[in-house]
Amino acid sequence: MATYLDFEEPLKELEDQIVKTKEIGVDTEVDMADKIGELEKKLKSKTKEIFSGLTPWQRVQLSRHPDRPYTMEYIEGVTDGEFQELHGDRNVKDDKAMVGGFGLLDGETVMFIGQQKGVNTKMRQFRNFGMPNPEGYRKALRLMKMAEKFNKPIVTFIDTPGAFPGLEAEERGQGEAIARNIYEMMRLKVPVICIIIGEGASGGALGIGVGDKVVMMENTWYSVISPESCSSILWRSWEYKEKAAEALKLTSTNMKKLGIVDDIIKEPSNGAHRDHTGAIKNVKKAIKSYLTELKDSKPEDRIEARIEAFSNRGVWK
Amino acid sequence: MSWFKRSKEGITTSTKEKKETPEGLWEKCSNCKTIFAADDLAKNAYVCDRCNHHERIGSREYFEILFDEGKFKELDKDLTSGDPLKFEDTKKYTDRVKATQSKSGLTDAIRTAKGKLAGETLVIAAMDFAFIGGSMGSVMGEKIARAIDEAIKSKCPFMIISKSGGARMMEAGLSLMQMAKVSGKLGQLSEAKLPYVSFLTDPTTGGVTASFAMLGDLNIAEPDALIAFAGPRVVRETIGRDLPDGFQKSEFVLEHGFLDYIVERADLKKTLALSLKMFKN
Ligand SMILES: [Zn+2]
């Protein structure tokens with residue numbers, strides 16, 4: 001069953017009305033086409049109204065919507081199922097919160113990597129809620145280096161509430177694992193595209209987030225801390241998450257304006273969570289156009305431009 | 001979280017404290033509480049004679065300890081932060097910065113300088129925890145980036161002395177980008193085959209640990225320093241039980257393979273000089 005956030009409730013009501021009206025039409029054999037058309041028009045305008053006036057906190061809520069497509073679904077979607085998952089960091093284990101492997105994008109091999117959240121309660125545990133351990137970052141790096149060796153472009157899907165803050169994660173060097181990835185990604189010789197498809201929380205996101213193109217889907221967030229944690233630290237209370245979401249300027253529009261991300265991938269009018277096919281189509285189109293743009297440049301020029309782009313991110317006087 | 005006050009600040013201590021220490025300035029070890037004359041502590045590199053506790057010190061003290069005759073040229077001294085997000089929590093970010101600047105006499109949480117260590121040129125970037133918890137924002141990223149450029153230009157080694165709670169929340173996404181920015185620059189330093197020494201001191205956590213602090217050709221640390229990605233409180237909450245003794249301390253991090261060595265502050269200069277000599281000879 002679909003989940004509706006509080007601000008989406010008016011849409012649910014209209015959708016329910018449409019279903020009911022259709023049922024009445026069938027039951028009574030009365031032509032309800034006009035009535036249905038009217039309701040659908042209403043639904044469309046209400047959708048537009050709600051989604052054009054989203055607050056930053058509402059976008060954070062959407063980014064975590066349980067009905068949103070996750071990394072694997074995007075990979076399966078854009079490759080039309082021509083994808084082979086590759087496992088393990090060759091050292092400690094296979095981290096289920098990070099997935100990756102080669103896939104065919106309209107016949108061209110691409111290395112896909114991303115954090116994976118679980119689709120139900122059991123899988124959410126299995127995927128550790130999309131919070132990788134150091135092994136996840138090291139698996140990602142292993143796959144990126146392999147892609148580099150065979151001259152294949154890399155696409156990462158970012159969707160994490162953060163790198164896992166556990167005891168073993170600390171013992172095995174969570175900080176070092178993320179640091180190494182950032183360092184190495186900056187110097188990869190192949191094109192790298194990073195797409196925030198849900199939550200982009202801090203170092204855990206950046207650990208697979210350095211590339212030639214860093215882009216956000218419309219209803220996602222990317223920042224140095226979650227609004228909840230920011231609220232608890234700066235306001236010393238969990239009550240200020242809405243305010244924190246605003247202050248952090250973490251939405252796609254704000255992040256683009258600040259020059260931290262290069263582009264925004266539009267979502268279907270009612271959000272990626274209501275129209276997976278539409279969302280996947282937009283993502284595929286975006287990946288293809290970035291790859292076309294990047295493929296003819298020389299590796300050393302790409303690396304220089306990458307370093308330059310990140311060097312320009314900051315404000316001082 | 002207290003550290004020894006500098007003697008300059010000592011002049012302004014309250015009358016009450018002055019009464020208690022009529023002969024001038026006294027300081028208390030923040031670990032074992034032994035009282036020392038401030039001058040003696042400075043001479044001992046701010047390490048407690050009795051319990052070997054390394055007090056938190058700042059860029060000024062480290063420059064004094066490391067650079068020959070305490071002489072150095074400070075780089076990009078006047079760089080200060082903007083307020084790109086117009087950030088406001090219970091306070092305006094701009095007010096917070098101003099207040100911290102006047103209180104600490106610093107412009108931001110890092111100072112960069114070029115000087116000589118045992119006769120050899122070296123660029124050092126040293127953090128000040130007194131400035132919003134040593135937090136990393138745009139200024140820190142830019143100052144480190146420029147310091148690396150200076151090291152490349154001067155063909156000399158580079159050192160970062162980390163002491164930071166992590167990224168500066170009030171610059172949000174931009175703070176996060178500093179991790180990548182500095183890492184990109186370190187790649188260029190590496191290509192120039194110039195050594196990078198990352199010196200981790202108490203505390204080094206969050207985004208600093210998850211980027212340049214862990215990327216040294218040498219990762220070295222002071223004894224008993226907290227070195228972590230997620231802080232102990234967060235880890236404790238995650239696992240729901242008490243943490244083992246010494247968890248996330250230098251000795252623990254060394255044991256798990258992320259540090260080359262731990263060095264007492266008293267031996268820092270000569271140990272570092274030897275390391276740098278080995279890279280060179
Ligand atoms: Zn002591």
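Guide: In chain A, 72% of the contacts with a separation of 6 or more are accounted for by residues 24 or more positions apart, two residues being in contact if their C-beta atoms, placed from the backbone, lie within 7 Å. This is a predicted model, in which local features need pLDDT of at least 70 and side-chain atom pairs count only at pLDDT 80 or more, whereas totals for chains, interfaces and linings use all residues. Residues are numbered from 1 along each chain as its sequence is written, while chains are lettered from A and ligands numbered from 1 in the order in which they are written.

Chain A holds 14 helices and eight strands, counted as DSSP runs numbered from the N terminus (helices H or I, at least four residues; strands E, at least two). With a radius of gyration of 21 Å, close to the 20 Å that the globule rule gives for 317 residues, chain A is therefore as compact as a globular protein of that length; the radius is taken over C-alpha atoms, and the rule is 2.2 Å times the number of residues to the power 0.38. The C-alpha trace of chain A spans about 65 × 50 × 45 Å along its principal axes.

Of the 317 residues in chain A, 48% are buried, which requires 20 or more other C-beta atoms within 10 Å of a residue's own, with C-beta atoms placed from the backbone. Chain A is divided into domain 1 (7-53) and domain 2 (60-311), with bounds from an automatic or database domain assignment, and the C-alpha centres of these two domains of chain A lie 36 Å apart.

Definitions and conventions
A residue is buried if 20 or more other C-beta atoms lie within 10 Å of its own, exposed if 12 or fewer, and partly exposed in between; C-beta atoms are placed from the backbone.
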